[in-house]
Amino acid sequence: MRSLKGVPFAGLHSLELGHRNRGSGIVGLSDVLSGLLAKQGPRFILVDDIENLDSETLAVIDVAQKRTQRPLIVTMSDSPSGSTPLLGLDCWPAVTVPLQPLGYVQVEAVSAEILGAPADDDVVARVFSWSGGNPRLVARILESAVVSERLVLRGGSWHINGRTLMNVHLHGTVEGLLYGLERDERTALRTIAITGFWRLDHRTTIGADVLGRLEHRGLLAVVAGADGVLAASVVPPLIADYLRNQVRGLRERSPADDFRPVPATEAAIKELSKRYGLEDQPGAAVTPGSAGQRLTKREAEVALLAGNLDNREIASRLGVSIRTVESHLANARRKTRTQTRKGLFHHVHRAAEPGRPEAPGLPRD
């Protein structure tokens with residue numbers, strides 16, 4: 001696990017080599033591991049996620065492999081989050097084999113092998129969709145579903161027991177994939193998960209640097225929509241579902257914890273404050289389109305969020321009711337003389353750009 005990378009010998013602790021064989025330190029554990037590998041029979045070293053191993057474990061493996069000359073097989077991600085400490089992968093003879101995502105037929109075969117019996121079409125389809133074809137996630141979803149009794153064997157095949165395969169054992173798996181994310185990265189990923197996709201030309205609340213870091217971690221997939229506009233979505237879909245469920249469980253949290261605008265949003269609202277005079281002015285009797293029709297700070301904030309979130313999601317972020325959001329949107333549309341959410345968003349967003357003239361002179365929808 002990435003979180004144990006700084007713990008000496010963490011990669012070997014689960015094997016209990018030192019406990020069973022009274023070995024300690026790099027030399028002692030290397031002796032123990034070399035002794036196991038020297039036994040008769042086809043033996044090799046298999047290391048999963050080698051980029052996450054601690055330096056001491058890597059040193060033990062290096063010594064034991066050189067002593068025994070046993071084959072070494074390692075797996076690592078396409079975009080590791082950091083370099084392997086102490087040892088470079090080029091110290092071992094290597095043949096690189098990229099693993100492609102599994103197809104539907106392959107997931108069906110793997111499911112039958114892991115479960116010991118075929119899974120029905122609904123199970124295979126859900127596992128295939130949820131995992132994005134990631135072999136490791138396919139295995140983890142199936143194994144955890146059996147342990148948590150989300151899958152039951154009936155009539156010689158496995159069926160879903162309930163409405164979903166999500167279970168508490170998967171939570172740790174997803175959190176492992178999300179480990180190390182900064183606050184703004186996690187907030188952005190949650191926002192994209194809720195909206196389903198994020199147009200890359202909408203950077204009001206998510207900056208290009210954040211999107212770039214998430215894409216480097218392999219947590220975003222970028223595709224071109226029907227209109228040719230690029231959009232990002234959370235991958236694999238298991239993570240998106242987990243984040244959406246997490247948001248549903250956070251409805252009672254403080255609005256400040258559940259939503260904190262990133263600097264781009266704050267800058268837009270501050271710019272609008274200069275142009276509109278965004279302080280609330282209750283009781284101001286003005287006619288639509290007059291100079292006195294000024295947006296409040298909350299109206300501007302809701303208008304900016306309306307470009308990518310629906311009313312329910314905006315209400316959840318700001319800790320207000322859906323009816324309050326609807327009221328803010330109606331007032332903002334009336335004051336800016338726009339008819340649609342898209343028109344309102346673009347109008348307010350343009351008004352926030354430095355150097356723009358006063359909002360009443362801007363084009364409407």
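Setting aside its neighbours within four places in sequence, H328 is in contact (heavy atoms within 4.5 Å) with R298, E299 and V302. H328 and A303 lie 25 residues apart in sequence and 8.1 Å apart in space, C-alpha to C-alpha. The model is a predicted one, in which local features need pLDDT of at least 70 and side-chain atom pairs count only at pLDDT 80 or more, while totals for chains, interfaces and linings use all residues. Residues are numbered from 1 along each chain as its sequence is written, and side-chain values use heavy atoms, with hydrogens and water left out.

H328 counts as buried, at 18% relative accessibility; buried means under 20% relative accessible area, exposed over 50% and partly exposed in between, with a 1.4 Å probe and protein chains only. H328 belongs to helix α16. Helices here are DSSP runs of H or I with at least four residues, strands are runs of E with at least two, and both are numbered from the N terminus.

Helix α16 covers residues 322–336, and at 1.5 Å a residue its 15 residues should span 21 Å, which agrees with the 21 Å between its end C-alpha atoms. The expected span is 1.5 Å times one less than the number of residues. Buried in α16 are V325, H328, L329, A332, K335 and T336. Seen down the axis of α16, these buried residues fall within an arc of 135°, so they line one face of the helix. The arc is taken from the directions from the helix axis to the C-beta atoms.

Next, a helix pair. The axes of α9 (residues 183–195) and α10 (residues 208–216) come within 10 Å and cross at roughly 85°. That makes α9 roughly perpendicular to α10, the term for angles of 65 to 115 degrees. From α9, D184, E185, A188, L189 and I192 meet V210, L211, R213 and L214 of α10.

Now for the backbone. Most residues other than glycine have a negative phi, and most peptide bonds are trans.

| Residue | Phi | Relative accessibility |
|---|---|---|
| Q69 | about 60° | 59%, exposed |
| E149 | about 60° | 56%, exposed |

Q69 sits in the loop between α4 (55–68) and β2 (72–74), and E149 in the loop between α7 (135–147) and β3 (151–154). Just after α16, R337 also takes a positive phi of about 60°.

Which peptide bond is cis? The bond from V235 to P236 is, with omega near -10°. P236 is found in the loop between β7 (230–234) and α11 (237–248).

Methods:
Axes are lines fitted to C-alpha atoms, for helices over the stretch in contact, and angles run from 0 to 180 degrees between N-to-C directions. Angles under 35 degrees count as roughly parallel, over 145 as roughly antiparallel, 65 to 115 as roughly perpendicular and the rest as oblique.
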